[in-house]
Amino acid sequence: MKKVLHLSVLVSIQHFSTLLSFLKLKLLIFIFILSPSESERLRYRDEELGFVSALISMAITCCNLTQASSGFNNLNEYLQKQSSFKRKPSSSVDSKISTTYNVGIVFHCRYRRVLHVKRRHQYRYGNGTHARGAEVSPTSFEDAGEVISKGTLIWRAIKLPIYSVALVPLTVGSAAAYLQTGIFSVRCYFVLLASSVLVITWLNLSNDVYDFDTGADKNKKESVVNLVGSRTGTFIAACLCLALGFIGLTWTALEAGNIRSILFLACAIICGYIYQCPPFRLSYLGLGEPLCFAAFGPFATCAFYLLQGSSSAMNHFPLTGTVLSASILVGFTTSLILFCSHFHQVEGDKEVGKLSPLVRLGTKRGAEVVKVAVIMLYALLVASGLSKALPLTCIFLCGLTIPMGNLVVRFVEDNKDKNKIFMAKYFCVRLHALFGAALAAGLVVARMVNTTFTSRPLFS
């Protein structure tokens, strides 16, 4: 009788545990569907697979218990035969329970290990596609058929780190003006920053529109046109951003009374237009990097320098070797971002006939170009310091960013043919932001330490 109660309780516990595990599995599936994060979904999927294997082992256990003790359905019949009930069958039943439980554990552990190896292989080698715009989040694996949350796609479409290309020229130009005059207009700075952000937004939106027209973004899930579902709406928003941005820049220039700055800003915007917009589309001819260098380097940086310097008492604010040297360095780092953004788009660019530098050179030579470009960046920095175009404080502070430049070179060399090479442009953004911040800080510190620093005017 005690043995019967023991086995009855054991079966009841097994059924109750199965029921609880099943309920927890359903809860995990519900959380998996609602979870916005890819990493959280992967974690919940692991737990679901674990509970599935546990449920299978429990089911096997219950089946073996039923087969091993067919008399459980009729306890009276079993009591009549309890005199012939031996300990050996009991141990056999216990042995089967232990065996099936261990089999379940082994099944679960092996399946988790296979899944982990498969995921790691998928992350390292990808699914064999390199379509343009098929980027992945830095915190997740290559999508490979995974459903990406809309929040993740929106975050990728915003491209927030890329807006450093609006911040750095303005900050460096303002710092160069402060070095010459000792004056800094906060109001002018933030009006110019808001206007510059609007212009960069126009560049991003119009780029998505025209790449949609050529078919370059047909597989790019985070394209604004694909997200919004309206090419016309995106184009109207882009034109509105350009109009508002240009109005803000023009108003600031007129208030400062500096017509030359308007010409520089107009040239910068024209470079952005002929870079991507029809009928020019010079980016398809591989001329995007020179246009990017001119727009964000000499044109934008010098324009912001003139606007900030016009608030001084000087009747005619000159362009100096300091601001020209600084603008060349800013244009250099900005062009490096654009160059590295082509690495993961080579196949897609080939399909639509876009002859980017990486299509012409290949990824191997492209990695060598990145190395040479970083070396040239710091060589130009040293040359500017030796020629006294830049103060020594700039050389010292910008020299502290060399480890970041080395990181860019090593990352591109190690991953030039891998899926995660798309991260190269974000490493370049970090270099661009750090180098620009160090350059601006060096100009400001030079003014504080030596108020008599002067640079020879180049254009008056």
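**Salt bridges and a helix pair**

User: In this predicted model, is Asp213 buried, partly exposed or exposed?

Analyst: Asp213 has a relative accessible area of 38%. Buried would need under 20% and exposed over 50%, so Asp213 counts as partly exposed.

User: Which residue forms a salt bridge with Asp213?

Analyst: The closest N and O atoms of the pair are 2.7 Å apart, and the cut-off is 4 Å.

User: How many salt bridges does a search of the whole structure find?

Analyst: Glu255 and Arg187 meet in another, at 3.2 Å from N to O. Glu255 is in helix 9 and Arg187 in helix 7, 68 residues apart. The search of the whole structure comes to two.

User: How are helix 12 and helix 18 oriented to each other?

Analyst: Their axes come within 7 Å and cross at roughly 170°. Angles over 145 degrees count as roughly antiparallel. So helix 12 and helix 18 are roughly antiparallel.

User: How many residues of the contact of helix 12 with helix 18 are nonpolar?

Analyst: Helix 12 brings residues including Leu329, Val330 and Ile337, and helix 18 brings, among others, Val429, Phe435 and Leu439. Four residues of the contact are polar and one is charged. The nonpolar ones number 13.

Conventions:
Residues are numbered from 1 along each chain as its sequence is written. This is a predicted model: local features need pLDDT of at least 70, side-chain atom pairs count only at pLDDT 80 or more; totals for chains, interfaces and linings use all residues. Side-chain values use heavy atoms; hydrogens and water are left out. Axes are lines fitted to C-alpha atoms, for helices over the stretch in contact, and angles run from 0 to 180 degrees between N-to-C directions. Helices (H or I, at least four residues) and strands (E, at least two) are DSSP runs, numbered from the N terminus. Angles under 35 degrees count as roughly parallel, over 145 as roughly antiparallel, 65 to 115 as roughly perpendicular and the rest as oblique. Contact means heavy atoms within 4.5 Å. Ala, Val, Leu, Ile, Met, Phe, Trp, Tyr, Cys and Pro count as nonpolar, Asp, Glu, Lys and Arg as charged, and the others, Gly among them, as polar. A salt bridge is a side-chain nitrogen of Lys or Arg within 4 Å of a carboxyl oxygen of Asp or Glu. Buried means under 20% relative accessible area, exposed over 50%, partly exposed in between (1.4 Å probe, protein chains only).
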